[in-house]
Amino acid sequence: LAEAFDRGLSGVKLHCHVQCFEMLGPAMHEIYMLCQQLDKPLIMHVGREPKSPAYSCDPYVLCSADKLEHVIKAYPGLRVCVPHLGADEFDAYLGLLESYDNLWLDTTMTLADYLPFKNVPDLAKIRADRLIFGSDFPNLPYAWDRELQRIARSDLDRERLLKLLSQNAVEFYAIKM
């Protein structure tokens with residue numbers, strides 16, 4: 001991983017329940033330490049949904065907001081983004097978002113009426129500086145602009161829209177403008 005970063009890798013994306021690893025396992029700490037040390041972002045699918053029978057691991061065993069809290073607490077300089085607003089533990093991830101400045105959540109699939117949840121949080125009530133649009137793009141099982149259409153119909157003010165659609169990603173990925 002260090003060599004990949006030396007060659008220009010910008011960050012890491014992991015899927016606990018697809019790659020079948022325990023986020024609190026000993027090997028993961030090397031990744032967390034290196035990403036923190038080199039200020040590289042980590043996108044980590046640690047929400048329990050979407051769950052698929054095609055996965056060889058059970059996300060309800062490997063993934064949880066409680067486990068992620070151990071990581072973000074132990075590595076306060078590690079920037080972590082959790083896709084799907086942490087589905088299906090929305091309230092737990094929103095609680096973590098209020099407590100930790102090294103955590104971001106992204107909206108992928110949650111605004112597209114793709115996931116089977118009626119309790120998707122209201123974007124206007126989520127911490128505006130820690131919400132990112134679409135880190136899963138273009139790997140989506142629906143039209144690419146479905147979520148953008150929903151956002152366009154929302155009552156989000158201009159400042160919140162700018163943060164959601166660009167500024168927060170610039171900060172998370174440490175993009176030099």
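Modeller: Keep in mind that this is a predicted model. Start with H84, which lies in the loop between strand 3 and helix 6.

Biologist: What makes the phi of H84 worth a remark?

Modeller: The phi of H84 is positive, about 65 degrees, although H84 is not a glycine.

Biologist: Which residue does a cis peptide bond join to A87?

Modeller: D88, with omega at about 10 degrees. D88 also sits in the loop between strand 3 (80-82) and helix 6. Another cis peptide bond joins E49 and P50, where omega is about 0 degrees. P50 belongs to the loop between strand 2 (42-45) and helix 4 (59-62).

Biologist: Which residues make the contact?

Modeller: A65, L68 and E69 of helix 5, and A92, Y93 and L96 of helix 6. By class, five are nonpolar, none is polar and one is charged. Tyr counts as nonpolar and Glu as charged.

Biologist: What lines the largest pocket?

Modeller: L111, V120, P121, D122, L123, R150, I151, R153, S154 and L156. That lining has six nonpolar, one polar and three charged residues. The space in the largest pocket is about 150 Å³.

Methods:
Residues are numbered from 1 along each chain as its sequence is written. This is a predicted model: local features need pLDDT of at least 70, side-chain atom pairs count only at pLDDT 80 or more; totals for chains, interfaces and linings use all residues. Side-chain values use heavy atoms; hydrogens and water are left out. Contact means heavy atoms within 4.5 Å. Helices (H or I, at least four residues) and strands (E, at least two) are DSSP runs, numbered from the N terminus. On a 1 Å grid over the protein atoms alone, a cavity is a set of points where a 1.4 Å probe fits but cannot get out, and a pocket is an open set with protein on both sides within 12 Å along at least five of seven lines; lining residues have an atom within 4 Å of a point. Grid points are joined across faces, edges and corners, and a volume is the space filled by probe spheres set on the points.
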